[in-house]
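Visitor: I would like to learn how to read a protein model, step by step. Could you show me the structure and take me through it?

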Amino acid sequence: WGIPIDAAHRPLHLGPYFHPTFLYESIGDLIIFLLLLAMHRWSKLRRISGQPGNIVLTYFTLYSLLRIGVESLRIDRVPIIAGIRLPLLTSLVIIGLVIITFFTRSRHTNAHA
């Protein structure tokens, strides 16, 4: 399974086949879109308003998880900080910020209830 790349165009001296990470990310993006669309429609059908921004926070989380998975397969050169690829580090920071936002919002909501 993989995309064949001739020796003259390979980024590294590895095997002749590479994961089609662009395809994985495209399929993952489509799945995320369908999940978010279903989440939106479900909340409309159930007349659940929830907190504003839940869908965008869900998107940030799902897309960051997708990027973590895709980055684990990529072999291109990117900046590395503290031994971690920058896109991976960025995804981890975004997930951390979403978690902080979620707990801050839930604490704020519970305090006013």
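Guide: We will go from confidence to a helix, then to salt bridges and a surface patch.

Guide: This is a predicted model, in which local features need pLDDT of at least 70 and side-chain atom pairs count only at pLDDT 80 or more, while totals for chains, interfaces and linings use all residues. Residues are numbered from 1 along each chain as its sequence is written, and side-chain values use heavy atoms, with hydrogens and water left out.

Visitor: What is the mean pLDDT of the protein chain?

Guide: The term pLDDT stands for the predictor's confidence in each residue, from 0 to 100, and where it is low, the predicted coordinates should not be read in detail. Here the protein chain has a mean of 87, with 90% of its residues at 70 or more.

Visitor: Which elements have the lowest and the highest mean pLDDT?

Guide: Elements are DSSP runs numbered from the N terminus, helices (H or I) having at least four residues and strands (E) at least two. Strand E2 (residues 17–18) has the lowest mean among them, 80, and helix H2 (residues 54–71) has the highest, 95.

Visitor: How many residues does H2 have, and what span does it reach?

Guide: The expected span of a helix is 1.5 Å times one less than its number of residues. With 18 residues, H2 reaches 26 Å from its first C-alpha to its last, close to the expected 26 Å.

Visitor: Which residues of H2 are buried?

Guide: Buried means under 20% relative accessible area, exposed means over 50%, and partly exposed lies in between, using a 1.4 Å probe and protein chains only. In H2 the buried residues are Leu 57, Ser 64, Leu 66, Arg 67, Val 70 and Glu 71; Glu 71 has a relative accessible area of 4%, and Arg 67 one of 14%.

Visitor: What joins the side chains of Arg 67 and Glu 71?

Guide: Side chains of opposite charge can pair when their charged atoms come close. A salt bridge is counted when a side-chain nitrogen of Lys or Arg is within 4 Å of a carboxyl oxygen of Asp or Glu, and Arg 67 and Glu 71 meet in one at 2.6 Å, N to O. Because they are four residues apart in helix H2, about one helical turn separates them.

Visitor: Which residues form salt bridges with Arg 85?

Guide: Glu 71 forms one with Arg 85, the closest N and O atoms being 2.9 Å apart. That pair links distant parts of the chain, since Glu 71 is in helix H2 and Arg 85 in strand E4, 14 residues away. Asp 76 also meets Arg 85 in a salt bridge, at 2.9 Å from N to O; Arg 85 counts as buried at 17% relative accessibility, whereas Asp 76 is partly exposed at 29%.

Visitor: Where is Arg 74 placed, and which residues does it touch?

Guide: Arg 74 is in the loop between H2 and strand E3 (80–81). Contact means heavy atoms within 4.5 Å, and, not counting residues up to four places away in sequence, Arg 74 touches Thr 21, Arg 67 and Arg 85. Arg 74 also belongs to a network of salt bridges that links Glu 25, Arg 67, Glu 71, Asp 76 and Arg 85 with it.

Visitor: Which residues make the nonpolar surface patch?

Guide: Trp 1, Phe 22, Leu 23, Ile 27, Ile 31 and Leu 35 make a nonpolar surface patch of about 700 Å². Patches consist of residues with over 30% relative accessible area and no salt bridge, like charges being joined within 9 Å and nonpolar side chains (Val, Leu, Ile, Met, Phe, Trp, Tyr) within 5 Å. Leu 35, which lies in helix H1 (residues 21–45), counts as partly exposed at 48% relative accessibility.

Definitions and conventions. Areas by Shrake-Rupley, 256 points an atom, 1.4 Å probe, with all protein chains shown as cover.
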